[in-house]
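Here is a short walk through one model, written for someone who likes cut-offs stated openly. Please have the viewer at hand as you read.

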Amino acid sequence: MMPARARIDEMNPDAAYTLLCEDDSVRLVDVRTRAEWSFVGLPDLIDASKRVWPVEWVVFPTMMPNPDFMAQLTECAAADGGMPRQLLFICRSGARSMSAAQAVAQAVADGGFRDDGAPTVLTNVVEGFEGDINGDGHRGRLNGWKARGLPWRQN
C-alpha cells in the first residue's frame with residue numbers, strides 16, 4: 001500500500017477567507033507565536049462559523065521549533081470534529097506557514113495521521129496576517145490579511 005500524500009498549494013488571504021466561509025471542511029491554522037496572537041491579533045472567523053486553530057510553529061521568545069506542534073495540531077482537530085481534508089496555514093508573512101505545511105505533508109507521507117484521517121490539501125496563505133514591510137518599514141499596510149480588510153480581532 002502506498003503512503004498517503006498531501007498536496008501543498010498557496011492562495012492569497014482573500015481567497016483563503018472565501019474558502020473558509022464556503023467550505024465547512026476547511027480549517028485555518030495560525031502558526032505565529034502567542035505573543036503575536038496577543039499583541040497583533042488573530043483572524044476572526046465568526047462569519048464562517050469557525051475558530052482559528054492557534055498552534056505555534058516556533059515558541060516565543062526563543063523562536064525554537066515547537067516540539068509539540070503535531071500533537072497540538074491533532075488536539076485542535078479532535079476538539080473541532082476531527083482532522084479536515086484541507087488545512088490552511090497562516091503566519092506573519094508566509095514563511096513559517098509554508099514550513100509548517102511542509103512538515104505536515106511529511107507527517108502525512110510518514111503515516112502520522114492514521115487515527116484521525118490525514119489532510120490531503122495543505123495551503124499556505126501567502127502574504128500572511130501582517131504582510132510584507134512597506135516603504136516606511138511597517139507591516140499590516142501593504143498586503144496580508146489585515147491590510148486586505150479581512151475580519152480580525154485582538155484579545
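A disulfide is taken here as a pair of cysteine sulfur atoms within 2.5 Å. By that rule the count comes to zero disulfides. The sulfur of Cys-91 has its closest cysteine sulfur in Cys-76, 17 Å away, which is too far for a bond.

Before going on, a word on the ground rules. This is a predicted model, in which local features need pLDDT of at least 70 and side-chain atom pairs count only at pLDDT 80 or more, while totals for chains, interfaces and linings use all residues. Residues are numbered from 1 along each chain as its sequence is written, and side-chain values use heavy atoms, with hydrogens and water left out.

Burial is judged by relative accessible area: buried is under 20%, exposed is over 50%, and partly exposed lies in between (1.4 Å probe, protein chains only). Cys-91, at 1% relative accessibility, is buried, and Cys-76, at 11%, is buried too.

**The nonpolar cores**

A nonpolar core is a set of buried Ala, Val, Leu, Ile, Met, Phe, Trp, Tyr and Cys residues joined through side-chain atoms within 4.5 Å. The largest one here has 24 residues, and Phe-69, Leu-73 and Phe-89 have the most contacts inside it. Helices (H or I, at least four residues) and strands (E, at least two) are DSSP runs numbered from the N terminus. The elements that give two or more residues to this core are α3 (69-79), β7 (86-90) and α4 (95-109); α4 gives the most, with six residues. Apart from this core lies another, of 19 residues, including Val-40, Leu-45, Ala-48 and Leu-150.

**Helix α3**

Which residues of α3 are buried? They are Phe-69, Leu-73, Cys-76 and Ala-77. Seen down the axis of α3, its buried residues fall within an arc of 100 degrees, so they line one face of the helix; the arc is that of the directions from the helix axis to the C-beta atoms. The face turned away from the buried side carries the exposed residues Glu-75, Ala-78 and Ala-79.

Contact means heavy atoms within 4.5 Å. The buried residues of α3 pack against β2 (26-30), β4 (53-54), β7 and α4. Leaving aside neighbours within four places in sequence, Leu-73 is in contact with Val-29, Trp-53, Val-55, Met-83, Leu-87, Val-104 and Phe-113.

**A buried asparagine**

Asn-124 sits in strand β8 (residues 121-125) and is buried, at 1% relative accessibility. A polar contact is a pair of N or O atoms within 3.5 Å; within protein, one must be able to donate a hydrogen and the other to accept it, and residues adjacent in sequence count only if both atoms are side-chain atoms. The side chain of Asn-124 makes such a contact with the side chain of Ser-97 (2.4 Å), and also reaches the backbone nitrogen of Met-98 at 3.3 Å.

**Backbone details**

A cis peptide bond joins Phe-60 and Pro-61, with omega of about 10 degrees. Pro-61 is in the loop between β5 (58-59) and β6 (64-65), and Met-63 is also placed in the loop between β5 and β6. Ser-49 is in the loop between β3 (42-43) and β4.

| Residue | Phi |
|---|---|
| Ser-49 | near 55 degrees |
| Met-63 | about 60 degrees |
| Gly-81 | about 90 degrees |

Ser-49 is exposed, with a relative accessible area of 67%, whereas Met-63, at 39%, is partly exposed.
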